[in-house]
Amino acid sequence: MLFKPISQNFSDFVIDRENDRCINCEVCVRQCSYEAHYWDDARQCVSHDHTKCVGCHRCEAFCPTGCLTIKKNPADFRDNALWTPTYMKHVYKQGDTGGILLSGMGSPANKPIYWDNLQLDASQVTNPSIDPLREPMELTTYLGSKPDQVSFEETPEGPKLTTKIGPQLKLNYPLMFSAMSFGSINLNLHKAMAMAATELGIAYNTGEGGLHPDLYKYGNNTIVQVASGRFGVHKDYLNAGSAVEIKIGQGAKPGIGGHLPGEKIDEEVSKTRMCPVGSDAISPAPHHDIYSIEDLLQLIYAIKESTEYKVPVSVKIAAVHNAPAIASGIVRAGADIVVIDGFRGGTGAAPTMIRDNVGIPMELALASVDNRLRDEGIRNHASLVVAGGVRCSADAIKAIALGADAVYIGTAALVSVGCTLCGRCYTGKCPWGIATNEARLKKRQNPEVAAKRLANLVRAWGHEIQEMLGGMGLNSIESLRGNRDKLRGLGLNETELDILGVKHAGR
Amino acid sequence: MSYVIIGNGVASVGAIEGIRKVDTKTPILVVSEEDTPTYGRPLISYFLAGKIGLDRVSLRPDEFYEKNNVEVKLNTRVAAIDKAAKTITTEADEVIEYKELLLATGGVPFMPPIKGIDGSGVYNFTTLAHAHELLDLSKRIHRVVVVGGGLIGLKAAEALRYNGLSTAIVELGSRVLSAAFDDVAGNLVAQRLEEKGITICCGTTVEEILRTEQGEVIGVRLANGQKLACEAVVVAIGVVPSLNLAKDAGIAVNRGIKVDDNMCTSAEGVYAAGDVAEAPDMIAEEARVTPIWPNAFSQGYHAGLNMASEEASPHPGGLPMNAISFYGLPTASLGHVNPNEDEDCEVFTELDEENGTYRKLIFRNEKLIGYVLVGEVDFAGLYTGFIRFGLDLTPDVKEELIAGQPSALLWPEEEFDTKWTPAAE
Amino acid sequence: MRRVYPNKDVCIGCHICEVACLTAHSASQDVVIAAKEEVASGLQPCKAVYDKGQISVALSCRHCDNPSCVSACISGALYKDQETGRTCYNEEQCVGCWSCLMACPYGAVRRNVTKGKIIKCDLCEGRDIPACVEACPNNALVYESR
């Protein structure tokens with residue numbers, strides 16, 4: 001194409017417009033925030049520029065005549081097992097810009113997905129399966145530290161618990177909406193998550209962008225996050241939620257901080273984050289006050305003090321090589337919940353190299369953290385929550401069987417409101433109105449519509465989880481936690497089976 | 001006892017619909033001196049021009065009166081009103097009691113004192129009967145002079161021209177349409193009419209209607225000395241309110257029958273609406289007779305509501321407005337369009353002679369108070385909103401209006417939320 | 001009565017309502033034929049999307065209780081249906097005088113230049129839910145009684 005660097009002309013997608021059906025209504029023109037579609041004055045019709053297409057499929061979804069199809073560019077480079085087009089395009093881009101490659105959403109790299117190699121069990125004849133439509137099926141989950149033992153006293157009304165139980169976060173489903181900061185996604189979606197979480201009786205996580213004043217009323221279903229940038233953190237904020245989460249690391253970009261570009265910081269974001277409009281909001285890689293487990297303990301107790309020990313405190317780390325040891329330290333530092341975020345976790349922006357090459361799969365980290373905490377006899381001191389790459393209720397239930405108490409869903413939640421994983425969240429021009437604060441674009445998420453979709457998703461998964469539990473002859477999610485006997489590996493090697501703590505299918 | 005409405009024009013129809021909104025039972029009696037059920041009076045020019053047939057002139061479906069429990073006495077003149085006894089007396093000496101009375105008697109064509117005006121060959125153009133007469137006439141004659149370059153005069157001239165007559169308009173003012181529109185708009189319209197073969201003589205008046213010894217019209221002599229040959233003259237200078245009935249009954253009148261916001265006259269239980277009424281104005285301070293169609297309907301409607309209900313429902317006030325097309329050239333004018341210099345108004349105009357379009361906006365105290373549009377009238381209603389609701393204009397909004405880009409999104413947000421999309425109460 | 005209420009806070013300015021309106025009022029009931037062929041012979045939507053900066057809103061006739069357009073109509077083409085509460089329009093009767101277009105302070109009456117008549121929303125006669133409401137992808141148009 002004319003006036004473009006050669007590299008940009010190796011576009012990823014082509015726009016296929018069926019001209020017989022195109023009515024020049026310009027719906028695509030208005031929907032495409034990357035200006036791939038435009039009104040061609042010279043030809044007096046709608047036209048397009050393939051090179052600008054990011055493959056978000058917004059136009060395809062909105063075209064009233066269905067005349068648009070977005071296809072992968074069939075122009076192939078010469079086959080090369082080593083130098084795939086992805087790597088070549090990376091190099092072209094860096095040749096043009098000299099900059100770090102950025103990506104949005106979780107890693108698309110072709111690396112093992114252990115969910116797909118795990119099969120669930122079902123009851124046959126003995127221990128008969130349970131029909132969740134006829135029998136009670138408990139999904140309620142409490143997150144927080146559980147006592148080592150409980151004691152009762154006899155009273156005329158019956159036995160009474162005398163052990164004091166620490167603060168718990170009650171969830172009607174073992175599912176929560178992941179930390180996605182206000183700023184990285186917009187207020188409409190935050191509101192939608194808050195509304196959906198409230199309706200469902202679960203929780204959503206604010207991410208590190210603070211909590212907008214309009215959303216304080218959803219506090220009972222809100223986990224407020226404290227991260228290295230400490231954006232939007234103040235006493236009222238800490239006390240607004242039903243749990244506080246200290247974010248140490250994020251699965252998509254372990255070891256580095258966050259960077260919300262100034263373009264995404266409008267008036268509202270600025271007020272909530274307590275940082276200037278238009279200036280980049282940088283979350284440092286480490287917390288500058290945490291260089292040891294002892295330092296972490298200080299922060300955990302500082303938060304517990306300021307929230308008067310009323311809410312559980314959670315610590316989230318990325319799934320990295322030494323996750324089990326780190327998790328053990330976190331529990332010993334007093335955390336009530338430990339969150340392990342796997343390397344497939346989503347992000348608004350991460351350096352591509354880090355996203356695709358740092359960290360380990362959540363399945364393996366989860367199994368080994370659960371093992372470690374059990375071995376040390378401290379598993380009950382904290383709940384274990386996992387995040388990063390849960391695509392369906394089966395993934396979630398497998399995570400629970402591997403030892404998780406609950407699962408965070410982020411990407412799945414976004415997909416339910418339209419995200420097509422085009423991965424350009426960092427541009428701030430999300431055509432689906434998700435990862436953008438542009439007034440024109442963020443309106444594309446009507447909070448009421450989005451809340452309904454989010455609630456539908458969780459309810460649907462809930463039904464499926466109940467069906468699968470019933471199939472296994474279980475009537476409570478509690479009975480499945482860490483019950484790895486309900487899992488079998490498929491096509492996994494000895495080491496993998498060992499780490500996961502499951503037998504191979506057939507055994 | 002019934003509601004009684006004297007007159008069968010659009011104010012009368014408005015009143016019937018207003019009454020029936022509140023009171024679906026009490027009978028209504030309409031007394032009219034005309035011989036046809038209500039018709040769209042402005043349609044007479046369409047009928048005369050042959051654009052529509054008689055089947056399309058009625059304003060409401062045939063079953064309208066029956067469905068609304070209305071008795072209609074056509075060809076009936078009312079001779080007197082006795083406001084104390086609450087009765088009316090027809091010329092046939094029938095005495096009818098009324099519960100509430102509406103005077104919707106409209107106006108009668110104004111006939112100036114021109115030499116030779118009395119006698120045959122001189123016509124008016126305000127009723128369907130007039131249209132029938134002129135239609136007959138147009139088959140017999142070749143030339144006609146229309147006296148008056150206002151809306152009725154121009155529409156009459158256009159319609160007669162459609163019938164193949166050689167047509168001339170004589171207007172006292174310097175331009176046609178100068179009252180309801182302005183000179184520029186008048187010029188554009190005049191151009192269009194002249195292109196279609198209508199002769200326009202402005203700034204002069206008919207001094208004499210020339211007749212043969214037998215009394216047949218043969219032409220007119222103008223004040224400027226010019227003579228125009230013709231076989232008929234249509235006098236369309238305007239209408240004057242038919243006040244006699246009210247005046248005789250001792251009801252307060254000025255230029256029209258004086259009414260308040262609720263369309264009540266000075267007599268209890270007697271209302272007036274339409275061309276006969278002198279009512280408070282939306283923009284001007286003093287009460288006015290605003291003899292235009294929409295005003296007549298809405299005054300009638302509010303009179304009807306007030307006749308039938310205890311609760312007052314005041315009329316928002318007269319708002320002059322005229323929309324009319326001449327040979328396909330659409331025009332619209334609304335509100336206060338010809339302010340005097342001392343009125344402290346800001347006037348913005350844009351004339352595109354090539355495309356024959358014209359836009360004039362009149363602002364006062366940072367509000368829009370009037371407009372004239374010629375050629376492009378599509379945004380007329382959006383301008384109307386600013387005037388009707390007296391919306392405050394910020395400099396930006398004013399700019400947009402001036403640029404010809406009115407939009408409901410330029411309304412102050414609160415007005416939009418409360419007026420455009422009122423929330424559930 | 002149920003009316004179409006726009007919500008400008010979530011209107012995304014896609015103009016799909018206009019396309020839906022056009023199709024619903026077409027003879028073919030086919031979006032492509034409606035837009036490509038019937039528009040040429042005068043088919044027009046009664047819906048209009050207004051955009052101003054980041055704000056958009058889709059507007060059409062409000063079916064007012066006491067409508068200015070009916071007051072202004074000289075031909076009886078516009079009338080209030082007492083039973084349904086709708087502001088109805090009989091195209092046959094319209095003479096194209098544009099009085100209603102001028103009188104409606106909401107700018108909801110539009111001109112069909114090809115036909116020399118007005119067009120306005122009829123709440124999609126024959127449909128349960130007006131086409132614009134059904135097509136709106138973001139619930140920015142709702143059909144309800146308030």
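User: In this predicted model, which residue with a positive phi follows H6(B)?

Analyst: The model is a predicted one, and the residue asked about comes after helix H6 of chain B. Its phi is positive, near 95 degrees, and the residue is B:Gly197.

User: What distance separates the end C-alpha atoms of helix H6 (residues 183-195) of chain B, and what span should its 13 residues give?

Analyst: The expected span is 1.5 Å times one less than the number of residues, so the 13 residues of H6(B) should span 18 Å. The end C-alpha atoms of H6(B) agree with that expectation, as they lie apart by 18 Å.

User: Which strands and which helix of chain B do the buried residues of H6(B) pack against?

Analyst: The buried residues of H6(B) include B:Leu188, B:Val189 and B:Leu193, and B:Asn187 and B:Arg192 are also among them. These buried residues pack against strands E11 (199-202), E20 (321-326), E21 (329-335), E23 (357-364) and E24 (367-374) of chain B, and against helix H5 (151-162).

User: Are H8(A) and H10(A) parallel, antiparallel, perpendicular or oblique to each other?

Analyst: The axes of helix H8 (residues 323-332) and helix H10 (residues 362-375) of chain A come within 8 Å and cross at roughly 50 degrees. Angles under 35 degrees count as roughly parallel and those from 65 to 115 as roughly perpendicular. The crossing of H8(A) and H10(A) is right-handed, and the two helices are therefore oblique.

User: How many nonpolar residues does the contact of H8(A) with H10(A) have?

Analyst: On H8(A) the contact is made by A:Ala323, A:Pro324, A:Ala327, A:Ser328 and A:Val331, while H10(A) contributes A:Ala365, A:Ser368, A:Val369, A:Arg372 and A:Leu373. By class, two residues in this contact are polar and one is charged, and the nonpolar residues number seven.

User: Which elements of chain A do the buried residues of H8(A) pack against?

Analyst: The buried residues of H8(A) are A:Ala323, A:Ile326, A:Ala327, A:Ser328, A:Ile330 and A:Val331. They pack against helix H7 (293-306), strand E17 (313-318), strand E18 (337-341) and H10 of chain A.

User: Which element gives the most to the side of chain C that touches chain A?

Analyst: The contact takes 15 residues from chain C and 17 residues from chain A. On the chain C side, helix H1 (16-24) and helix H2 (31-38) are the elements that give two or more residues. With four residues, the element that gives the most is H2(C).

User: How far apart are the nearest C-alpha atoms of chain A and chain B?

Analyst: Two pairs of chains touch, and the most contacts are between chains B and C. Chain A and chain B do not touch, and their nearest C-alpha atoms are apart by 15 Å.

Key
Residues are numbered from 1 along each chain as its sequence is written. Chains are lettered from A and ligands numbered from 1 in the order in which they are written. This is a predicted model: local features need pLDDT of at least 70, side-chain atom pairs count only at pLDDT 80 or more; totals for chains, interfaces and linings use all residues. Two residues are in contact if their C-beta atoms, placed from the backbone, lie within 7 Å. A residue is buried if 20 or more other C-beta atoms lie within 10 Å of its own, exposed if 12 or fewer, and partly exposed in between; C-beta atoms are placed from the backbone. Axes are lines fitted to C-alpha atoms, for helices over the stretch in contact, and angles run from 0 to 180 degrees between N-to-C directions. Angles under 35 degrees count as roughly parallel, over 145 as roughly antiparallel, 65 to 115 as roughly perpendicular and the rest as oblique. A crossing is left-handed if the near helix is turned anticlockwise from the far one by less than a right angle, and right-handed if clockwise. Ala, Val, Leu, Ile, Met, Phe, Trp, Tyr, Cys and Pro count as nonpolar, Asp, Glu, Lys and Arg as charged, and the others, Gly among them, as polar.
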